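Me: I have a structure open and would like to go through it piece by piece. Can you take my questions as they come?

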Amino acid sequence: MLALVPLGSELERIMGSVRLLYTMLLLALSNAILHVLIALLVAHNPIHPYPHLMITCSMGFSGILFSMIVMETSLSGVESRSVFGLFNVPTKWYPWILLVVFQLLMTNVSFLGHLCGILSGFVYNYGLLNIFIPGTNFFSGIEKASWLQAEDSRFPGRARTLAPPRSELALGINSNSILQTRLLDNSVSDGIWLDRINFRQ
């Protein structure tokens with residue numbers, strides 16, 4: 001759960017608070033669906049059925065954290081990542097190395113839950129969930145709502161809105177600007193969502 005602070009703050013800076021919340025809920029749902037599908041496939045495969053997977057469960061937030069790791073590493077633009085300060089690995093292998101390291105260090109964690117988190121992150125990165133994501137105008141409409149704008153002195157920065165301009169995001173070396181654009185703009189569905197729910201002031 002400690003990984004949520006750096007991962008969440010970086011993704012919130014890029015995506016905005018409301019969009020990140022919606023994305024985490026979408027990732028939780030896709031993790032659960034992938035978990036059930038893989039458990040069904042493994043339990044009923046004709047070569048070596050493994051029905052034990054159907055009666056195990058996966059709970060917690062770590063699957064979503066693995067999805068967020070996949071999203072953040074693809075947006076970061078760096079070429080390598082440090083694994084607990086011990087050694088560096090290429091960024092594209094970082095989530096997979098973490099999966100193996102966590103499984104070796106803590107044998108009672110859910111391998112399938114973490115694997116589904118990684119797969120769900122890739123599904124999101126490749127845009128396969130875009131049909132379920134409202135456009136930027138929908139999220140900015142919510143974040144600009146008057147009931148969210150009240151700045152409370154106890155919580156400075158609470159009324160944070162969407163990400164900085166795209167020109168600032170694309171400054172990272174080797175950053176994936178196409179993915180950044182997709183994360184911030186799928187305005188095709190703006191009209192559909194805004195017609196259904198009107199959050200404008």
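Me: Which residues does UniProt annotate as "transmembrane region"?
Reply: The unreviewed UniProt entry gives that annotation to residues 20-41, 53-73 and 93-124. The coordinates here are a predicted model.

Me: How much of residues 20-41 is helix, and how far apart are the ends?
Reply: That span is 100% helix and 0% strand, with 31 Å between its end C-alpha atoms.

Me: And what about residues 53-73?
Reply: There the chain is 57% helix and 0% strand. The end C-alpha atoms of residues 53-73 are 30 Å apart.

Me: On to packing. How do α3 and α4 cross?
Reply: At roughly 150°, and their axes come within 9 Å. The angle is over 145 degrees, the cut-off for roughly antiparallel, so α3 counts as roughly antiparallel to α4.

Me: Which residues make that contact?
Reply: From α3, F66, I69, V70 and T73; from α4, Y94, P95, L98, L99 and F102.

Me: What kinds of residues are those, nonpolar, polar or charged?
Reply: In the contact of α3 with α4, eight are nonpolar, one is polar and none is charged.

Me: What is the angle between α4 and α5?
Reply: About 170°, with the axes of α4 (residues 94-105) and α5 (residues 111-125) 10 Å apart. That angle makes α4 roughly antiparallel to α5.

Me: Changing topic: what is the volume of the largest pocket?
Reply: About 460 Å³.

Me: How many residues line the largest pocket, and which lie nearest its centre?
Reply: The lining has 22 residues, and A3, L65, I69, L98 and F102 lie nearest the centre. Of these, I69, L98 and F102 also take part in the contact between α3 and α4.

Me: Which elements give two or more residues to the lining?
Reply: Those are α1 (4-15), α3 (62-76), β1 (80-83) and α4.

Me: Which of them gives the most?
Reply: α3, with six residues.

Me: Last one. How does the lining of the largest pocket divide by residue type?
Reply: Into 16 nonpolar, four polar and two charged residues.

Definitions and conventions:
Residues are numbered from 1 along each chain as its sequence is written. This is a predicted model: local features need pLDDT of at least 70, side-chain atom pairs count only at pLDDT 80 or more; totals for chains, interfaces and linings use all residues. Side-chain values use heavy atoms; hydrogens and water are left out. Axes are lines fitted to C-alpha atoms, for helices over the stretch in contact, and angles run from 0 to 180 degrees between N-to-C directions. Helices (H or I, at least four residues) and strands (E, at least two) are DSSP runs, numbered from the N terminus. Angles under 35 degrees count as roughly parallel, over 145 as roughly antiparallel, 65 to 115 as roughly perpendicular and the rest as oblique. On a 1 Å grid over the protein atoms alone, a cavity is a set of points where a 1.4 Å probe fits but cannot get out, and a pocket is an open set with protein on both sides within 12 Å along at least five of seven lines; lining residues have an atom within 4 Å of a point. Grid points are joined across faces, edges and corners, and a volume is the space filled by probe spheres set on the points. Ala, Val, Leu, Ile, Met, Phe, Trp, Tyr, Cys and Pro count as nonpolar, Asp, Glu, Lys and Arg as charged, and the others, Gly among them, as polar. UniProt positions are given in the numbering used here, feature names are shortened, and annotations may be inferred rather than shown by experiment. Contact means heavy atoms within 4.5 Å.
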